[in-house]
2 protein chains.
Amino acid sequence: MQQQLSVITLGISDLARSRRFYVDGFGWRPAFENPEIVFYQMNGFVLGTWLASALECDIRRSGLARPGAFALAHNVAAREEVQPTIDRLARCGGRILRMADAPPHGGYRGYVADPDDHAWEIAWNPAWPISAEGYVSWGIG
Amino acid sequence: MQQQLSVITLGISDLARSRRFYVDGFGWRPAFENPEIVFYQMNGFVLGTWLASALECDIRRSGLARPGAFALAHNVAAREEVQPTIDRLARCGGRILRMADAPPHGGYRGYVADPDDHAWEIAWNPAWPISAEGYVSWGIG
């Protein structure tokens, strides 16, 4: 079976508010959008931001909670980009959870929540190679 | 800025129970594991399953809730693989949330929760190409 994940779908409350964080904050371009969902083509999979009410209906569960027990990470190419990226995301509707600092296992990272309280780690991790296409490989420092 | 996500980290409570779902259920191989985290090399990024207490400490927030307002998806190559994949995951510690059926936008899908209540959609979506390496592209049917 392929070691593959095709979509991450985040439940959101306000499409325009979420779009500002991802499009203006990260600088990403949607692949598709309509009044209830925005899809972004990522590095080998798709990110969707979908109205939480529609997501709940699709999963057939209710009461999905935020903040959930998970984090997403975006790695940058240099240590000096970490805090400015967090600051820019905060200016686009995010909320800083942890200012950048050095974790015990090396590298440099901080956390920012998107407008729907989903946690994003912004990290510089020199042990994990990133290809020109954005494909990320696990590695050890 | 790269349209890239490097890691999805899921907060878990019991490493062996979670590992059974991902290794025996999905058939995936860890890239690294220690007593608090398992990393899986995915299609262009890394999936981590980390003790939720350690994740909370890293993010600097507490009370991360489950089920969170998000879903992950794994796409399969044929409609006939969807329900058997869900059934196998359920035998490996998962819990079926929605039996497979056809959504209005086409394809075929169901949902299963992992042992920590994180929702996985198992889907057949003929409009979204998957390369031999597992890279998934957004498409329209």
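The questions below concern the interface of chain A and chain B in a predicted model.

User: How much area do chain B and chain A bury between them?

Analyst: The contact involves 67 residues of chain B and 67 residues of chain A. Of the area buried between the chains, 55% is on carbon and sulfur atoms. The total is about 6,000 Å².

User: Which residues of chain B lose the most area to chain A?

Analyst: Three residues of chain B together account for 14% of what that side buries. They are Met1(B), Gln3(B) and Trp138(B).

User: How far apart are the closest N and O atoms of Arg61(B) and Asp117(A)?

Analyst: The rule finds 4 salt bridges across the interface of chain B and chain A. One of them pairs Arg61(B) with Asp117(A). A salt bridge requires the nitrogen and the carboxyl oxygen to lie within 4 Å. In this pair the closest N and O atoms are 2.6 Å apart.

User: Which residue of β5(B) stands opposite Val7(A)?

Analyst: Strand β1 (residues 7-12) of chain A runs antiparallel to β5(B), and 4 bridges join the two. Val7(A) has its opposite residue in β5(B). That residue is Ala73(B).

User: Which are the edge strands of the open sheet of 8 strands?

Analyst: The strand order is β6(A)-β7(A)-β8(A)-β5(A)-β1(B)-β4(B)-β3(B)-β2(B), with mixed pairing. Direction ignored, neighbouring strands are turned by 15 degrees against each other on average. An edge strand pairs on one side only, and the two are β6 (95-101) of chain A and β2 (32-34) of chain B.

User: Which residue of β3(B) stands opposite Asn34(B)?

Analyst: β2(B) and β3(B) run antiparallel and are joined by 3 bridges. Asn34(B) stands opposite a residue in β3(B), namely Ile37(B).

User: At about what angle does α2(B) run to β4(B)?

Analyst: α2(B) lies across strands of both chains. From chain A these are β5 (70-75), β6, β7 (108-113) and β8 (119-124), and from chain B they are β1 and β4 (46-51). To β4(B), the helix α2(B) runs at about 105 degrees.

Technical notes: Residues are numbered from 1 along each chain as its sequence is written. Chains are lettered from A and ligands numbered from 1 in the order in which they are written. This is a predicted model: local features need pLDDT of at least 70, side-chain atom pairs count only at pLDDT 80 or more; totals for chains, interfaces and linings use all residues. Side-chain values use heavy atoms; hydrogens and water are left out. Contact means heavy atoms within 4.5 Å. Buried area is the accessible area (1.4 Å probe) that two parts lose on being put together, summed over both. A salt bridge is a side-chain nitrogen of Lys or Arg within 4 Å of a carboxyl oxygen of Asp or Glu. Two strands pair if DSSP finds at least two bridges between them. Axes are lines fitted to C-alpha atoms, for helices over the stretch in contact, and angles run from 0 to 180 degrees between N-to-C directions.
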